[in-house]
Amino acid sequence: MVVEGCTKCIKFLLFFFNFIFWLAGGVILGVALWLRHDQQTSSILGLKLDDNEPAPSTFYIGVYILIAVGAVMMFVGFLGCYGAIQESQCLLGTFFACLVILFACEVAAGIWGFINKDKVASELKTFYNSAYTKSVEPPLLSSPEATEKAKHVVKVFHESLNCCGADEFFTKGLSLLTGECSGKAITLPNCHTRIDELFTTKLYIIGIAALVVAVIMIFEMIFSMVLCCGIRNSSVY
């Protein structure tokens with residue numbers, strides 16, 4: 001039986017919010033793919049000093065989680081739209097259960113992101129420090145191949161982030177041992193600052209997207225239950 005009155009209004013509101021939810025899933029999927037293939041992050045996180053010391057992978061773990069969440073959101077959004085139009089209690093119940101699971105996953109991902117928000121930048125700074133130190137080591141302390149790899153890593157950091165060196169290196173005088181920062185250290189920011197800026201900006205984008213999606217999900221859970229109850233009551237009369 002077709003619902004009427006306020007329940008019918010709820011039906012179209014649920015359809016509207018589900019369409020927004022589906023679009024939000026597409027946006028999150030797009031943002032995640034952008035983060036995965038962004039020239040700055042991919043050029044840096046794809047580096048290796050050697051087989052035993054690759055770039056930190058914590059950032060990519062979060063990105064892959066976002067890709068999965070975006071794809072699932074698009075599927076759940078479609079399920080909710082179809083369930084609302086068909087006025088199916090089964091589909092709406094399934095949709096509600098999926099929303100609860102997604103909401104729980106989003107909260108868990110938010111807690112994980114908050115705990116690890118400084119870990120990615122810290123790991124990358126350590127990786128950069130290691131590469132920089134190896135790039136200026138005397139030939140007797142390092143093989144030519146290892147030194148060239150380290151210089152390549154440092155060069156990619158400098159070109160990708162438009163930075164040079166780090167404060168602690170300048171205080172130790174290490175910047176004077178390499179040509180990478182020669183004449184640039186005065187005009188360019190240090191790489192530790194640029195690494196912080198890079199991931200802080202991306203963290204804000206992810207945080208805003210997650211907050212918008214969480215609000216939409218709360219409204220959808222309310223509307224889906226109201227509509228499901230309305231369908232059940234209308235079938236009685």
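This is a predicted model: local features need pLDDT of at least 70, side-chain atom pairs count only at pLDDT 80 or more; totals for chains, interfaces and linings use all residues.
**Exercises on aromatic rings**

**Exercise 1.** State how many aromatic pairs the model contains, and classify the pair formed by Phe17 and Phe223.

*Solution.* The count comes to 9 aromatic pairs. In one of them, Phe17 and Phe223, the ring centres lie 5.4 Å apart and the planes make an angle of 50°. Stacked requires under 30 degrees and edge-to-face requires over 60, so this pair is tilted. The pair joins distant parts of the chain, since Phe17 belongs to helix H1 (residues 6–37) while Phe223 belongs to helix H8 (residues 191–236), 206 residues apart. Ring pairs also link these two residues with Phe16 and Phe219 into a cluster.

**Exercise 2.** Classify the pair of Phe78 and Tyr82, and explain how these residues are placed in helix H3.

*Solution.* The centres of the two rings are 6.4 Å apart, with 15° between the planes, and because stacked means under 30 degrees, the pair is stacked. Both residues lie in helix H3 (residues 58–86), and because they are 4 residues apart, about one helical turn separates them. Phe78 counts as exposed at 53% relative accessibility, whereas Tyr82, with a relative accessible area of 44%, is partly exposed.

Key
Residues are numbered from 1 along each chain as its sequence is written. Side-chain values use heavy atoms; hydrogens and water are left out. Rings of Phe, Tyr and Trp (its six-membered ring) pair if their centres lie within 6.5 Å; planes under 30 degrees apart count as stacked, over 60 as edge-to-face and the rest as tilted. Helices (H or I, at least four residues) and strands (E, at least two) are DSSP runs, numbered from the N terminus. Buried means under 20% relative accessible area, exposed over 50%, partly exposed in between (1.4 Å probe, protein chains only).
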